[in-house]
Amino acid sequence: MRLAIVFTCVYFFSSLTSFAWAIENNSKNTVSSLHVVYPKTMRSGEDEILYPLVLLRTALQFSGENFTLQPSSISMPQSRALKQILHNDEINVAWTMTSKQREQQLLPVRVPIFKGLYGWRVLVTTQDKVNTLLNINTLSDFKSIHFIQGHDWPDTQILQDNGLTVSTSIEYNSLFNMLIKGRGDVFPRSVLEVETELNTFKDEAGANLTIVPHLLLQYPSAIYFFFSKEKPEIAQAVEKGLAIMRKNGEFDRLFKAYHRSAIEHADIKNKIIIKLKNNQLPALTPLNDASLWYSEKDI
């Protein structure tokens with residue numbers, strides 16, 4: 001993952017001059033500029049290299065619109081950020097997994113920015129449970145297994161809709177502590193995030209956290225940019241920019257620069273893929289456009 005981060009930084013900073021020029025130029029035209037505010041990230045310096053923000057900034061640049069792009073005054077949980085967008089408060093854009101409720105309340109740009117890979121999930125567990133979990137090969141084998149998920153995450157309802165038992169917590173860090181303390185058996189994590197998370201929580205758990213080596217859950221899901229319905233002009237600009245990026249290949253180049261290493265490390269081709277239904281998926285999800293999604297053909 002460290003190599004992926006280094007590669008990401010090289011990719012980003014190769015375009016830093018043009019980005020800086022665009023931001024400076026747009027800042028001088030604030031009268032007609034789109035004022036875009038995203039939820040402040042937790043880690044200092046992350047804004048410059050975080051994939052969704054680089055993608056958002058690039059899409060705005062390709063849109064041809066004048067814009068300013070800045071973080072909120074304070075960091076906040078996702079639930080609060082989405083409420084701010086709903087009520088057109090300080091924040092007017094966020095990236096999150098879609099659901100019927102979220103698309104009813106907010107304005108999505110229906111381009112899955114991670115190509116659906118947040119629905120490709122390996123199972124984080126503890127070392128003492130691995131041998132028992134090696135006997136699981138089908139969905140029905142999970143009936144006695146307790147899953148861990150975030151309280152208000154769409155994934156929680158997806159797991160429950162598939163007949164699985166789920167324990168939840170509001171706090172992200174608490175979910176790993178629940179697993180470490182035996183208050184659940186597995187914590188499904190995207191193939192794009194699991195390596196970083198295992199490294200992050202390694203100090204707390206020692207060598208205790210690991211993944212179930214032979215399994216992967218897969219369900220259709222999409223993380224979109226969401227906007228306030230009262231500010232459709234921002235969504236329109238981002239949608240225009242993403243369309244240009246998809247056409248000229250910039251979208252795929254950026255995606256591969258950030259995620260190739262994590263996808264290869266997940267070793268998907270050597271795992272049993274257990275498919276789940278997603279009843280929370282809105283009807284307008286563009287499932288028929290294969291270019292928007294990562295698939296088993298890409299392995």
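In the predicted model, residues Leu 55, Leu 56, Thr 58, Ala 59, Leu 60, Phe 62 and Ser 63 of helix α3 meet Ala 237, Val 238, Lys 240, Gly 241, Leu 242, Ile 244, Met 245 and Asn 248 of α11, contact meaning heavy atoms within 4.5 Å. Helices are DSSP runs of H or I of at least four residues, and strands are runs of E of at least two, numbered from the N terminus. By class, this contact has 10 nonpolar, four polar and one charged residues; Ala, Val, Leu, Ile, Met, Phe, Trp, Tyr, Cys and Pro count as nonpolar, Asp, Glu, Lys and Arg as charged, and the others, Gly among them, as polar. Helix α3 and helix α11 (residues 232-248) pack at an angle of about 90 degrees, with axes 7 Å apart. Axes are lines fitted to C-alpha atoms, for helices over the stretch in contact, and angles run from 0 to 180 degrees between N-to-C directions. α3 is therefore roughly perpendicular to α11 (65 to 115 degrees; under 35 is roughly parallel, over 145 roughly antiparallel, and the rest oblique).

Helix α3 (residues 51-63) also packs against helix α12 (residues 250-266), at about 165 degrees and with the axes 11 Å apart. These two helices are therefore roughly antiparallel. Tyr 51, Val 54, Leu 55, Thr 58 and Phe 62 of α3 form the contact with Glu 250, Phe 251, Leu 254, Phe 255, Tyr 258 and His 259 of α12. Eight of the residues in the α3 and α12 contact are nonpolar, two polar and one charged.

Leu 55, Phe 225 and Leu 242 touch the most other members of the largest nonpolar core, which has 66 residues. Such a core is a set of buried Ala, Val, Leu, Ile, Met, Phe, Trp, Tyr and Cys residues joined through side-chain atoms within 4.5 Å. Beyond its neighbours within four places in sequence, Leu 55 contacts Ile 113, Phe 225, Leu 242, Met 245, Phe 251 and Leu 254. A separate second core of 17 residues includes Phe 142, Ile 145, Leu 217 and Ile 274.

The chain contains 12 helices and 12 strands. Of its 299 residues, 50% count as buried (under 20% relative accessible area; exposed is over 50% and partly exposed in between, with a 1.4 Å probe and protein chains only). Tyr 294, in the segment after β12 (272-275), is buried, with a relative accessible area of 12%.

Residues are numbered from 1 along each chain as its sequence is written. Local features need pLDDT of at least 70 and side-chain atom pairs pLDDT 80 or more, whereas totals for chains, interfaces and linings use all residues, and side-chain values use heavy atoms, without hydrogens and water.
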